[in-house]
Amino acid sequence: MWWKKYERCKFEEKGRGPLAFDCWGLLKWVYENDHPDKIILPGYEWCYEKTTDRDRLAKAIFDERQERWKQVESPREFDAVLLRMRGVPMHVGIATKDCHMLHCSMGIGTTYEPFNGLRWKDKVMGFYRYE
């Protein structure tokens, strides 16, 4: 259970680890350090001021998704979970096992919770695998 070591990490704007993250920073860190293929993702710190910058984040996520990400029906461990916040895709989590995800959000920090539960099921826009 690789995700256990990330429980209770703090949220930080543009946080890129190892003790504080924003949602993309957590995905980036996990892919570089825990993913079996040790995937290096871009940081995107330059494209937004704060994680509340809805339009810039949605554009960055859209642009990134077009690169090397393939949408999949059934998520596997380490797939990205794209989530809608305030009507646009601007939050990501990392699929673990049994329909759960690890993610990091403002005011909460990192959490491990079901992506098909009441809080998130209507916000999931898709699952993406890096190829």
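What follows is a set of questions and answers on this predicted model.

Q: Which element gives the most residues to the largest nonpolar core?
A: The largest nonpolar core has 26 residues. The elements that give two or more residues to this core are α1 (23-33), β4 (80-85), β5 and β6. With six residues, the element that gives the most is α1.

Q: Which residues have the most contacts inside the largest nonpolar core?
A: In soluble globular proteins, nonpolar side chains tend to be buried together. Here the largest such group counts 26 residues, and those with the most contacts inside it are W2, Y6, L26, L27 and W69.

Q: Is W2 buried or exposed?
A: Leaving aside residues up to four places away in sequence, W2 touches V30, D34, E77, F78, I94, A95, T96 and L102. Buried means under 20% relative accessible area. W2 has a relative accessibility of 14%, so W2 counts as buried.

Q: What kind of aromatic pair do W2 and Y6 form?
A: A pair of aromatic rings is described by the distance of the centres and the angle of the planes. For W2 and Y6 the centres are 6.5 Å apart and the planes are at 70°. Planes over 60 degrees apart count as edge-to-face, so the pair of W2 and Y6 is edge-to-face.

Q: Which residues form one aromatic cluster with W2 and Y6?
A: The structure holds 10 aromatic pairs. Y6, at 4% relative accessibility, counts as buried. The cluster that contains W2 and Y6 also contains W3, F21, W29, F78 and Y112.

Q: Which residues that line the largest pocket are the closest to its centre?
A: The largest pocket has a volume of about 250 Å³. Of the 15 residues that line this pocket, the closest to its centre are T51, M85, H91, S105 and M106.

Q: How many residues in the lining of the largest pocket are nonpolar?
A: The elements that give two or more residues to the lining of the largest pocket are β5 (88-95) and β6 (100-105). By type, the lining has three charged residues and four polar ones, and the nonpolar residues number eight.

Technical notes
Residues numbered from 1 in each chain as written. Predicted model: local features only at pLDDT ≥ 70, side-chain atom pairs only at ≥ 80, totals over all residues. Heavy atoms only, no water. 1 Å grid on protein atoms, 1.4 Å probe; cavity = no way out; pocket = protein on both sides within 12 Å on 5 of 7 lines; lining within 4 Å. Points joined across faces, edges and corners; volume = space filled by probe spheres on them. Helix = DSSP H or I, 4+ residues; strand = E, 2+ residues; numbered from the N terminus. Nonpolar A, V, L, I, M, F, W, Y, C, P; charged D, E, K, R; others polar. Core = buried A, V, L, I, M, F, W, Y, C linked by side-chain atoms within 4.5 Å. Buried < 20%, exposed > 50% of the residue type's maximum accessible area, 1.4 Å probe, protein only. Contact = heavy atoms within 4.5 Å. Phe/Tyr/Trp six-rings, centres within 6.5 Å; stacked < 30°, edge-to-face > 60°.
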